Amino acid sequence: KKYFEEISATIGKFGIHGLVIIGGFEAFTGGLELLEGRARFEELCVPLCIVPATVSNNVPGSDFSIGADTALNTITNTCDLIKQSAAGTKRRVFIIETMGGFCGYLATMAGLAAGADAAYIYEEPFSSRDLQANVEHLTEKMKTTVKRGLVLRNERCNDNYTTDFIYNLYSEEGKGIFDCRKNILGHMQQGGSPTPFDRNFGTKMGAKAVAWITGKIKECSRHGRIFANTADSACLLGMRKRSLVFQPLAELRQQTDFE
């Protein structure tokens, strides 16, 4: 919002006819602001398409974001490596913190894929009793043949039950039964070579976004000038179940939990 005048000037200066914005939740909110700015600045009345790309997978209107699959693979591989290190040491529990903002996608899916004992996420509130129950489960597990544990925690799952808190609790309660290690995966989740799924997904999204924006530019052309101010000229391209659909930002705004 602070830069509407500069943005409008740039759009005018370079004769920009449409915008494809690639990004995460911030790209989505930025797109919504540009949509609001159309009333005051005619230059912002160009077709606008948002392509969700973030490891957090938290963009409204899309089940998948570009990059989430690659991050998920990285986390799962790391969990496998950590479990391998734990195999040599009997009775060890690893607490691993994943990224994802307030969205528990990475922690949940990696937990399922890596065979974790628990995954703590924001969407599913948990109490000290739940933590206690998980510790008891691990204590029982150490009596069996599989003498290792894996616990995942999403970075924003709880303000008070931090990774350190959970690590300290497990360490204290597990005294004499198992020992604990913690690992904050950090920014390595955002690197690495993209998975084939992400590469193909990105290609499809890019092609679809450009085809859509080309069509909209033709639709909105009047005497060599572009004027797009309808709700359906500012969309987010998202994967819903098995199809890629363009959804007006104005509609998605109603469904979004901004907090």
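Predicted model: local features only at pLDDT ≥ 70, side-chain atom pairs only at ≥ 80, totals over all residues.

User: How many cavities of 30 Å³ or more does a search of the whole structure find?

Analyst: The general idea comes first: rolling a probe the size of a water molecule over the atoms shows where empty space is left. Here the search finds 1 cavity of 30 Å³ or more, and the largest cavity holds about 40 Å³ of space. Its lining consists of Ile 11, Leu 19, Leu 34, Arg 38, Leu 44, Val 46 and Leu 48. By class, that lining has 6 nonpolar residues, no polar ones and 1 charged.

User: Which domains supply the lining of the largest pocket?

Analyst: At least three residues come from each of domain 1 (3-66 + 194-255) and domain 2 (68-190). The largest pocket has a volume of about 620 Å³. Its lining counts 20 residues, with Phe 25, Asn 58, Phe 102, Cys 103 and Asp 257 nearest the centre. By class there are 6 nonpolar, 8 polar and 6 charged residues.

User: And what is the volume of the second largest pocket?

Analyst: About 240 Å³ for the second largest pocket. It is lined by 13 residues, and Ile 16, Glu 43, Val 46, Arg 225 and Ile 226 are the closest to its centre. Helix H1 (4-14) and strand E8 (225-226) each give this lining at least two residues. The lining divides into 6 nonpolar, 4 polar and 3 charged residues.

Methods. Residues numbered from 1 in each chain as written. Heavy atoms only, no water. 1 Å grid on protein atoms, 1.4 Å probe; cavity = no way out; pocket = protein on both sides within 12 Å on 5 of 7 lines; lining within 4 Å. Points joined across faces, edges and corners; volume = space filled by probe spheres on them. Nonpolar A, V, L, I, M, F, W, Y, C, P; charged D, E, K, R; others polar. Domains from an automatic or database assignment. Helix = DSSP H or I, 4+ residues; strand = E, 2+ residues; numbered from the N terminus.
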